[in-house]
Amino acid sequence: MAERKITIIVRMGKKLKKEGEKITTSPEECEALRKAFSGPHGVEEKSMLEILVKCNPADLTTFRKNSPYIFLDDEYCFEKWDPFHMKSLKIKFMRFQVSISERAVIQRTMHPWERDALLVRKSLEEKPPLYNLLIELACTRTSDEFLGARKAFQCLYSESVEEFVAVKVQGFHRRLLVALVSTYRYEGMQIDEAAIKLECQKLARAIKTDHRNEIENDDEVLRILTTRSKHHLKTIHKCYKEDYDSNLEEDLDDIQILRDTVNCLCAPPIYFSKILDTAMSICPAEQEMEALTRVIVTRTDVDMKDIAAEFDRKYGAPLIERIEAAALGNYRDFLVALVKRGMAN
């Protein structure tokens with residue numbers, strides 16, 4: 001069967017601030033998007049993809065609030081996918097041979113709290129568990145964003161994220177991960193210079209002992225990584241580089257869980273560019289392939305420009321070119337259009 005190709009046109013306006021973001025889609029486009037999801041005899045793929053690429057977070061919120069047959073209001077004040085409608089959409093995508101991944105479409109339209117709650121669950125139910133995914137969620141979201149995900153998790157599963165992680169994880173990993181998902185970090189820019197110097201030295205001493213068990217069980221390492229603000233930690237990261245002529249995450253290279261924690265807190269573009277490169281390698285695992293959708297959908301309206309720049313710098317090829325070479329059909333076009341949107345913001 002010949003490949004059906006849909007050209008997705010990205011119409012970008014002026015750069016919008018995250019707070020107070022303006023609605024850019026018309027009521028007619030929202031209605032067209034609802035029809036694309038709800039049509040009983042097929043899926044309007046072209047209009048669905050064009051509008052989903054155009055939508056900013058405020059547009060998607062409006063779409064969810066005005067689509068009561070697709071999304072349900074929750075007691076924690078977020079709109080969650082109707083499970084029945086989600087299941088029927090997956091069936092329709094298969095029946096009508098829609099080439100775009102239904103996972104990409106659902107994740108794009110889903111409330112960020114619900115999406116992250118589902119990903120938290122997935123991270124520890126996979127075999128083997130995806131500790132890096134849980135760290136990604138806890139460390140690359142703002143304090144308020146992850147607090148929302150924790151609320152959504154309680155709504156969806158009738159248990160807290162903290163108890164879920166504590167039951168699923170053992171040993172040092174449990175101490176670190178429970179602390180990461182429990183913290184509510186200070187988001188401001190104020191830092192304590194004396195504390196930064198002292199804590200940089202503490203991290204260096206713990207690393208230089210060269211005993212994996214010691215650093216993984218060091219109370220001070222745990223305290224610093226799980227309670228300090230991101231700005232404070234980025235300053236420690238810079239101080240470490242200046243004082244010891246090496247990067248903190250590189251000196252933690254043999255302790256992947258700590259390396260991922262440092263990268264997600266201090267240098268998210270480095271972490272995400274590596275995830276994307278692995279996802280587009282030859283014969284990636286299924287979990288790695290799914291990360292391609294996850295990263296592009298969740299970072300389009302956050303820091304895609306920085307991720308694309310880091311990807312180009314580290315791997316010597318533009319991110320868009322790599323996606324075009326690795327993905328196919330309308331799924332490829334959808335991801336490329338989202339990356340272009342993110343790079344334009």
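**Pockets, cavities and a helix pair**

User: What volume does the second largest pocket have?
Analyst: This is a predicted model, with local features needing pLDDT of at least 70 and side-chain atom pairs 80 or more, while totals for chains, interfaces and linings use all residues. Residues are numbered from 1 along each chain as its sequence is written, and side-chain values use heavy atoms, without hydrogens and water. A pocket is an open set of points on a 1 Å grid over the protein atoms alone, with protein on both sides within 12 Å along at least five of seven lines. Filling the points, joined across faces, edges and corners, with probe spheres gives the second largest pocket a volume of about 550 Å³.

User: Which residues lining the second largest pocket are the closest to its centre?
Analyst: Lining residues have an atom within 4 Å of a point. There are 23 of them here, and the closest to the centre are M86, K90, Q107, M110 and L118.

User: Which element gives the most to the lining of the second largest pocket?
Analyst: Helices (DSSP H or I, at least four residues) and strands (E, at least two) are numbered from the N terminus. Those giving two or more residues include β2 (79-81), α4 (83-95), α8 (143-157) and α18 (286-299). With 5 residues, the top contributor is α6.

User: How are α6 and α8 oriented to each other?
Analyst: Their axes, lines fitted to C-alpha atoms over the stretch in contact, come within 7 Å and cross at roughly 70 degrees. Contact (heavy atoms within 4.5 Å) involves, among others, W113 and L118 of α6 and F146 and F153 of α8. An angle from 65 to 115 degrees, on a scale of 0 to 180 between N-to-C directions, has its own name, so α6 and α8 are roughly perpendicular.

User: How much space lies in the largest cavity?
Analyst: A cavity is a set of points where a 1.4 Å probe fits but cannot get out. The model has 3 cavities of 30 Å³ or more. Residues including A138, R141, F146 and K230 line the largest cavity, and the space in it is about 80 Å³.

Note on methods:
Angles under 35 degrees count as roughly parallel, over 145 as roughly antiparallel, 65 to 115 as roughly perpendicular and the rest as oblique.
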